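Reader: Hi! I'd like to talk through this model with you. Could you start with the terms I'll need?

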Amino acid sequence: MNAMIYCRVSTTKQTQETSLQRQKEELEKLAAEYGMNVVKIIQEQASGYDVEREGIIELLDAIKQHHIDVVLVQDETRLGRGNAKIALLRCLKKEGIRVYTVSHRGELQLSEADSMVLEIISIVEEYQRKIHNLKIKRGMQRAVQNGYRPENNLRNVGEHAGRDRKDVPIEEIVRLRQNRLTFAEIAATLRSFGYDVSKATVHRRYKEYEQLANDEKFLYDDTGQK
């Protein structure tokens, strides 16, 4: 398993450097016991209540870059404290990352209270997804009622369906926008037809279209001549 070691102390006092070194050595030993491949070691001096830590940002980035399976910490409080700890544990869980600690001599065992909070968060997120999907469905129904026919307008549907598509159908973005769909609803609609687009991409392309349309207006006078 690919592992990452994360060490943290709460203050920037020079005496804390000894604690960082001790954490690092203990975690390297733990990784060796389980035959883990340590890809990266992060050490920082910052408050555990602060979620915007350079080390944590680096950790989350490295998880995807290096295909990390496990994060090693001295104990769960090294990841964070209070809400920051819960938020980070949730992020790691969603990424499928396991947490091993020195204090547990293995995989982290959450307290009953922390487990309950994470379960509540999971339930809330699921309902948020359902509400979001319902909004998209209603937006799509509204667009169809207003005359939108996706099966007639979207390209690359049929024998080539399912292939990666890098092009973005600006005509359909404009059409759906005119039917009062949000950018998120438009992106979801296009993704359902195989277009790999995000809300940000749809928004950017639509703004580019608007800018181009405005520029063209300045090229013509009231008689329609250049």
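Author: Happy to. This is a predicted model. Helices here are DSSP runs of H or I with at least four residues, numbered from the N terminus.

Reader: Thanks! What does Glu 28 form a salt bridge with?

Author: Its partner is Lys 24, and the closest N and O atoms are 3.1 Å apart.

Reader: And how are Glu 28 and Lys 24 separated in helix α1?

Author: By about one helical turn, because they sit 4 residues apart in α1, which covers residues 16-33.

Reader: How many salt bridges turn up in the whole structure?

Author: The search finds 9.

Reader: Switching to helix packing: at what angle do α5 and α8 cross?

Author: Roughly 85°, with the axes of α5 (residues 112-145) and α8 (residues 183-192) coming within 9 Å. Therefore α5 is roughly perpendicular to α8.

Reader: Nice. Which residues meet there?

Author: From α5, His 132, Lys 135, Ile 136, Gly 139, Met 140 and Arg 142; from α8, Ala 184, Glu 185, Ala 188 and Thr 189. That contact divides into 4 nonpolar, 3 polar and 3 charged residues.

Reader: Now pockets. What volume does the largest pocket have?

Author: About 250 Å³. Its lining includes Leu 89, Leu 92, Ile 97, Val 99, Leu 108 and Leu 118, along with Lys 93, Arg 98 and Glu 119.

Reader: Which elements each supply at least two residues of that lining?

Author: α4 (82-94), β4 (98-101) and α5.

Reader: And what's the lining like by class?

Author: There are 7 nonpolar, 1 polar and 4 charged residues in the lining of the largest pocket.

How values were computed. Residues are numbered from 1 along each chain as its sequence is written. This is a predicted model: local features need pLDDT of at least 70, side-chain atom pairs count only at pLDDT 80 or more; totals for chains, interfaces and linings use all residues. Side-chain values use heavy atoms; hydrogens and water are left out. Axes are lines fitted to C-alpha atoms, for helices over the stretch in contact, and angles run from 0 to 180 degrees between N-to-C directions. Angles under 35 degrees count as roughly parallel, over 145 as roughly antiparallel, 65 to 115 as roughly perpendicular and the rest as oblique. Contact means heavy atoms within 4.5 Å. Ala, Val, Leu, Ile, Met, Phe, Trp, Tyr, Cys and Pro count as nonpolar, Asp, Glu, Lys and Arg as charged, and the others, Gly among them, as polar. On a 1 Å grid over the protein atoms alone, a cavity is a set of points where a 1.4 Å probe fits but cannot get out, and a pocket is an open set with protein on both sides within 12 Å along at least five of seven lines; lining residues have an atom within 4 Å of a point. Grid points are joined across faces, edges and corners, and a volume is the space filled by probe spheres set on the points. A salt bridge is a side-chain nitrogen of Lys or Arg within 4 Å of a carboxyl oxygen of Asp or Glu.
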